[in-house]
Structures are given as structure tokens and as C-alpha cells.
Amino acid sequence: MSSPNTSAPQPKLSGKLLIDTGMGSFLGDKRIRLLEAIDKTGSISQAAKAVPFSYKAAWDAVDDMNNVAPEPLVNRSTGGRNGGGTELTAFARRLIAFYRALEQASQLALERLTRNLEQSGVCDIDDFRQVSRTTVSPAPLPACTRDR
């Protein structure tokens, strides 16, 4: 009879970055992926399929982002002989790079937090909840009862 595995992998904290404005949600992972797909395909329709978004939702998202951003993110040309097209502005490309850098920094911060919690003896989600609820005078960190 084999013994149970006592070294289960530690849970990893991860998060999603969402940038809001006073007018509502502006940028999140799905909209950034839409912009990246538009840049790659030159088409809102093809980008919508890749993300996935419905065609209408993709158009609505592009309109929302263009209306909220200080500069346009997407330039569109309607049909015609070549069927039109869509391209990102230089501002959109900078915004994508900024978002991806923030996302990476956020994940690194969560990884540092995970290491600090493990070193402090916080070893499960209940311990984490208890620690995160303390604000003014934190209680001592609970001892980890799981074998390491």
C-alpha cells in the first residue's frame, strides 16, 4: 500500500489586471487580446473569432475603448474594393505594452506575496483570509499545520 503524497503543490496566487475609468471598464485581458488580434489580422471580424468575442461585442469594445482613450486606439476603413480593414494606432501599441508590463509586475508582486506568506507560516486559503482581514493590529500569523 502506498503512502499518500504529503507534499502537495502549494497554491499559487494569480490575478487579472483590469483598468477602470470614471466611465467604466476600459481595459482588461480580453480587450487587450482583442487589440493584439486586430494588430495581427487587420480585421475586427477575424480578431473577434480569435479572442473569442461575438462580432458585435468586438465592435462595441473597440468603440468603447476609442471613446474612453485620450487618443484613438483603432483606425477603421469601411468596405470597398479591398473590403476595408482595421489597424492599431501607435498609441494602442504603447497601451498594450504598458498593460503587459503592469500585468507582469502584478504577477511578480503576487509571487513575492506567496513566498512571504509561505515563509510566515500561512499555508492555506483559510490562513490567508484570516491574515488579509486583519487591518489595524494584525493578529499573530497562524502556525502551519500541514507537513512540508
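User: Which helix does R31 lie in?
Analyst: Heads-up, this is a predicted model: local features need pLDDT of at least 70, side-chain atom pairs count only at pLDDT 80 or more, and totals for chains, interfaces and linings use all residues. Residues are numbered from 1 along each chain as its sequence is written, and side-chain values use heavy atoms, with hydrogens and water left out. Helices are DSSP runs of H or I, at least four residues, numbered from the N terminus. The one that runs over residues 29–41 and holds R31 is α1.

User: Is R31 buried or exposed?
Analyst: Buried means under 20% relative accessible area, exposed over 50%, and partly exposed in between (1.4 Å probe, protein chains only). R31 comes in at 17%. Because of that value, R31 counts as buried.

User: How is α1 oriented to α3?
Analyst: Axes are lines fitted to C-alpha atoms over the stretch in contact, with angles from 0 to 180 degrees between N-to-C directions. α1 packs on α3 (residues 55–68) at about 100 degrees, the axes being 11 Å apart. Angles under 35 degrees count as roughly parallel, over 145 as roughly antiparallel, 65 to 115 as roughly perpendicular, and the rest as oblique. So α1 is, relative to α3, roughly perpendicular.

User: How many charged residues are in the contact of α1 with α3?
Analyst: Contact means heavy atoms within 4.5 Å, and Asp, Glu, Lys and Arg count as charged, Ala, Val, Leu, Ile, Met, Phe, Trp, Tyr, Cys and Pro as nonpolar, and the others, Gly among them, as polar. R31, L34, L35 and I38 from α1 meet A58, A61, V62, D64 and M65 from α3. There are seven nonpolar residues and no polar ones, and the charged count is two.

User: And how do α1 and α4 sit to each other?
Analyst: The axes of α1 and α4 (residues 90–119) come within 11 Å and cross at roughly 140 degrees. The pair is therefore oblique.

User: How many charged residues does the contact of α1 with α4 have?
Analyst: From α1, the residues are D29, I32, R33, L35, E36 and D39, which meet R93, I96, Y99, R100 and E103 in α4. Four of the contact residues are nonpolar and none polar, while the charged ones number seven.

User: How many residues does the largest nonpolar core have?
Analyst: A nonpolar core is a set of buried Ala, Val, Leu, Ile, Met, Phe, Trp, Tyr and Cys residues joined through side-chain atoms within 4.5 Å. L35, which touches L27, M65 and L73 among others, is one of those with the most contacts inside the core. The core's residue count is 24.

Notes
Helices (H or I, at least four residues) and strands (E, at least two) are DSSP runs, numbered from the N terminus. Lists of a residue's contacts leave out its neighbours within four places in sequence.
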